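Subject: Structure handover

Hello,

Here is the structure I promised to pass on. Please open it alongside this note.

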Amino acid sequence: MPTSQRPNILFVLTDDQAYWTTGYNGHPLACTPEMDRLAAEGVVLDRHYDTTPICMASRATIATGLYEYRTGTNFEHGQMEPELFQRSYHVWLRQAGYFTGFIGKFGFGVGDSSDSGAPHVYDDESLMPADQFDWWRGQPGQSHYKTAQNPNMAYLAEEFPHLTRANGHVAGEFLDRAQESGKPFCLSVSLKAPHGPLTPDPIFDELYAEDEFPKPRNYGEAGAAHLAPHIRTGRQWKQFEKTYGPSHFTETYRKYFRLIHGVDVALGMVRQALEERGLTDNTVIVFTSDNGFFCGSHHFTGKCLTYEESSRVPMVIYDPRQPGGGIRCQQLSANTDIMPTLLDFAGLPMPE
């Protein structure tokens, strides 16, 4: 495909966002107008799953299209081998002439795993593959909700003290550089929210202040009666009372949904930046999350275990070149499909 005909690609990834936490998926309280607008304009993949429901492994799969057992990238093993990262959509698209950028939580390191036996090696700034991108505002480890605590974003702290909106704003800087390059672009916006610690932007403190969220139908021990006894020994069960137990449920849900609303605002900021630069008609947008979250289902918090609540996530693809919108697709899809789908949009052949 000639470069002039290739679409721009915007890939937006949230962290720990459960499938049902949007207005378009039917939650009665979710304040997600931008996600809802994207769904109304694009295709919603209703049966989209992350093959390993935990951040580091899932993000490695998203980047490469490979299952965790092939990437070897997880909290116990360590970071991704440099040779394997050359299989990522970031590298393929850059080599094919795309101007590439990354904003937000990267989620894993790239380096020789034999260098360190520590599972959290991705916290090291030196393991961030910044030189593999044309433009970089990525953050190592879990990143920080306080913008000032992220060195390459601290210059935005006064105007945008919370990282979610700062990440939404900085997309405009990337778009300016991309237009100067004269190339099609691929921008990955990888948001920390709504991952813990549940620290939403204070400007949303009044949102949901009076709302009482409905509990999941399979909430608490009654929703765990069918589970095997050994499932009750893990941290998902043990941490329930401190987070999603009855005495914490309402406040935890309010914070969780405020963080998701912050993501929605950031998505709107990025789309507005596209509109202001006349880039909307040729920019494909893919929106999803790296894993879901239990939120009290089965007496669980967290994710990790391969259940519906932790593995199923929101997924929307919007291609402005295609007529219509508001399509609900029931075909099964997974995070292994994202990398080849992005390459397909760019007209690139599939790697072996």
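Below is what was found, from the whole chain down to one residue.

Please keep in mind that this is a predicted model.

The whole chain

Along the principal axes, the C-alpha atoms fill a box of roughly 60 × 45 × 45 Å. The fold is built with 11 helices and 10 strands.

Of the 352 residues, 58% are buried. Take the contacts between residues at least 6 apart in sequence: 75% of them join residues at least 24 apart.

Surface and charge

The accessible surface comes to about 14,300 Å². Carbon and sulfur atoms account for 52% of that surface. The chain carries 43 negative side chains and 29 positive ones. The centres of these two sets lie 3 Å apart.

Asn-8 sits in strand S1, which covers residues 8-14. Is Asn-8 buried or exposed? Its relative accessible area is 7%, under the 20% cut-off, so Asn-8 counts as buried.

What does the side chain of Asn-8 reach? It comes to 3.1 Å from the backbone nitrogen of Phe-185. Phe-185 is also one of the contacts of Asn-8 beyond four places in sequence.

Best wishes

How values were computed. Residues are numbered from 1 along each chain as its sequence is written. This is a predicted model: local features need pLDDT of at least 70, side-chain atom pairs count only at pLDDT 80 or more; totals for chains, interfaces and linings use all residues. Side-chain values use heavy atoms; hydrogens and water are left out. Helices (H or I, at least four residues) and strands (E, at least two) are DSSP runs, numbered from the N terminus. Buried means under 20% relative accessible area, exposed over 50%, partly exposed in between (1.4 Å probe, protein chains only). Contact means heavy atoms within 4.5 Å. Accessible areas come from the Shrake-Rupley method with a 1.4 Å probe; for residues, only the protein chains shown count as cover. Lys and Arg count as positive and Asp and Glu as negative; His and the chain ends are not counted. The place of a charge is taken as NZ of Lys, CZ of Arg, CG of Asp or CD of Glu. A polar contact is a pair of N or O atoms within 3.5 Å; within protein, one must be able to donate a hydrogen and the other to accept it, and residues adjacent in sequence count only if both atoms are side-chain atoms.
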